[in-house]
Amino acid sequence: MEPSENLDDMSLTDKDKFSKGLMALLTPVIEEMDSRIVAVKSSQLELHKEIERLLAELQLFVDATEQPSIQPSIQKLISATKKLVTTNVTLKTVHDRVEKMYAQLSKGKETMS
């Protein structure tokens with residue numbers, strides 16, 4: 001026997017009892033789901049408001065603060081680069097002189113031998 005045949009064989013009072021029983025079973029579940037959906041929707045709304053508030057606060061912070069000037073740092077780097085170049089030129093000059101002195105000393109030792 002198929003389920004639809006069982007329903008056809010049921011009397012009206014049996015169908016009413018079945019409907020009422022099914023409604024009694026499902027109504028609390030549906031009401032619970034509905035209340036939880038309402039609670040989630042409310043939470044989402046509160047979250048949205050809080051995010052909007054934080055965005056507005058952050059925008060005020062961004063608008064109120066001045067961007068740090070990097071120009072002084074750039075000038076310091078340029079100055080350090082110039083000093084480094086000057087030091088490298090001086091070191092090269094000293095190195096060349098030391099090489100010349102070493103070459104002259106080597107020639108002097110060869111002539112003495």
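**Exercise 1. Describe how many helices and strands the protein has, and in what order they run.**

Solution. The protein has three helices and zero strands, where helices (H or I, at least four residues) and strands (E, at least two) are DSSP runs numbered from the N terminus. From the N terminus on, the elements run α-α-α. This is a predicted model, in which local features need pLDDT of at least 70 and side-chain atom pairs count only at pLDDT 80 or more, while totals for chains, interfaces and linings use all residues. Residues are numbered from 1 along each chain as its sequence is written, and side-chain values use heavy atoms, with hydrogens and water left out.

**Exercise 2. Determine whether L25 is buried or exposed.**

Solution. Begin with the position: L25 lies in helix α2 (residues 12-64). Next apply the cut-offs, by which buried means under 20% relative accessible area, exposed over 50%, and partly exposed in between (1.4 Å probe, protein chains only). With a relative accessible area of 58%, L25 is exposed.

**Exercise 3. Work out which residues R53 meets in salt bridges.**

Solution. A salt bridge is a side-chain nitrogen of Lys or Arg within 4 Å of a carboxyl oxygen of Asp or Glu. The side chain of R53 meets that of E50 at 2.5 Å, N to O, and that of E57 at 2.9 Å, N to O. Within helix α2, E50 and R53 are three residues apart, about one helical turn, whereas E57 and R53 are four residues apart, again about one helical turn.
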